[in-house]
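I set out below what I looked up in this structure, entry by entry.

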Amino acid sequence: MQITNISEAKASLSTLIEKALRGEEVIIGKAGKPVVRLIPFDFESSPRQLGAGNWHGQIWIAEDFDELPEDILRRFTGEADEDESVA
């Protein structure tokens with residue numbers, strides 16, 4: 001495994017990209033230790049599955065979702081006591 005340091009990688013980035021595209025392993029290191037690997041980007045070309053029902057059974061809504069607690073309502077309307085307000 002050959003490690004290319006960061007300054008060399010800056011100077012020869014296009015060459016390193018071409019190597020990675022050909023399938024060669026390209027490792028960039030700092031202080032002689034590997035830190036990143038340069039690999040080709042894999043474009044995902046298959047379409048996403050869209051439509052109703054994809055999340056069926058995977059999410060839920062709490063029974064009290066639409067209920068606003070009185071103390072929170074008072075804070076929004078400015079009617080909260082000083083001991084109820086958040087510092």
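Entry 1. I began with Trp55, which counts as exposed because its relative accessibility is 58%; I took buried as under 20% relative accessible area, exposed as over 50% and partly exposed as in between, with a 1.4 Å probe and protein chains only. Trp55 sits in the loop between β3 and α3. I then checked its separation from Ile3: the two residues are 52 apart along the chain, and their C-alpha atoms are 45 Å apart.

**Entry 2. Basis of the values.** I note that this is a predicted model, in which local features need pLDDT of at least 70 and side-chain atom pairs count only at pLDDT 80 or more, while totals for chains, interfaces and linings use all residues. Residues are numbered from 1 along each chain as its sequence is written, and side-chain values use heavy atoms, with hydrogens and water left out.

**Entry 3. Overall form.** I found three helices and three strands in the protein. Their order from the N terminus is β-α-α-β-β-α. The protein is more spread out than a compact globule, because its radius of gyration is 28 Å, well over the 12 Å that the globule rule gives for 87 residues. For these terms, helices (H or I, at least four residues) and strands (E, at least two) are DSSP runs numbered from the N terminus; the radius is taken over C-alpha atoms, and the rule is 2.2 Å times the number of residues to the power 0.38. Along the principal axes, I read a span of about 65 × 40 × 20 Å for the C-alpha trace. Of the 87 residues, 9% are buried.

**Entry 4. Ala9.** I looked for a buried position and took Ala9, which counts as buried because its relative accessibility is 6%. Ala9 belongs to helix α1, residues 6–11.

**Entry 5. Ile39.** I placed Ile39 in the loop between β3 and α3. At 57% relative accessibility, Ile39 counts as exposed. Between Ile39 and Ala20 I noted 5.5 Å, C-alpha to C-alpha, for a sequence separation of 19 residues.

**Entry 6. Ala31.** I recorded a positive phi of about 60° at Ala31, although this residue is not a glycine. Ala31 falls in the loop between β2 (26–30) and β3. It counts as exposed, with a relative accessibility of 78%.

Entry 7. Side chains of opposite charge can pair when their charged atoms come close. Arg22 counts as exposed at 55% relative accessibility, whereas Glu24 counts as partly exposed at 37%.

**Entry 8. Surface patches.** I listed Glu63, Asp64, Asp66 and Glu67 as the members of a negative surface patch. Asp66 lies in the loop between β3 (33–38) and α3 (70–77), and it counts as exposed because its relative accessibility is 72%. I also listed Leu68, Ile72, Leu73 and Phe76, which make a nonpolar surface patch of about 390 Å². Leu73 is part of helix α3 and, at 34% relative accessibility, counts as partly exposed. Patches are made of residues with over 30% relative accessible area and no salt bridge; like charges are joined within 9 Å, and nonpolar side chains (Val, Leu, Ile, Met, Phe, Trp, Tyr) within 5 Å. Accessible areas come from the Shrake-Rupley method with a 1.4 Å probe, and for residues only the protein chains shown count as cover. Lys and Arg count as positive and Asp and Glu as negative, while His and the chain ends are not counted; the place of a charge is NZ of Lys, CZ of Arg, CG of Asp or CD of Glu.

Terms used: A salt bridge is a side-chain nitrogen of Lys or Arg within 4 Å of a carboxyl oxygen of Asp or Glu.
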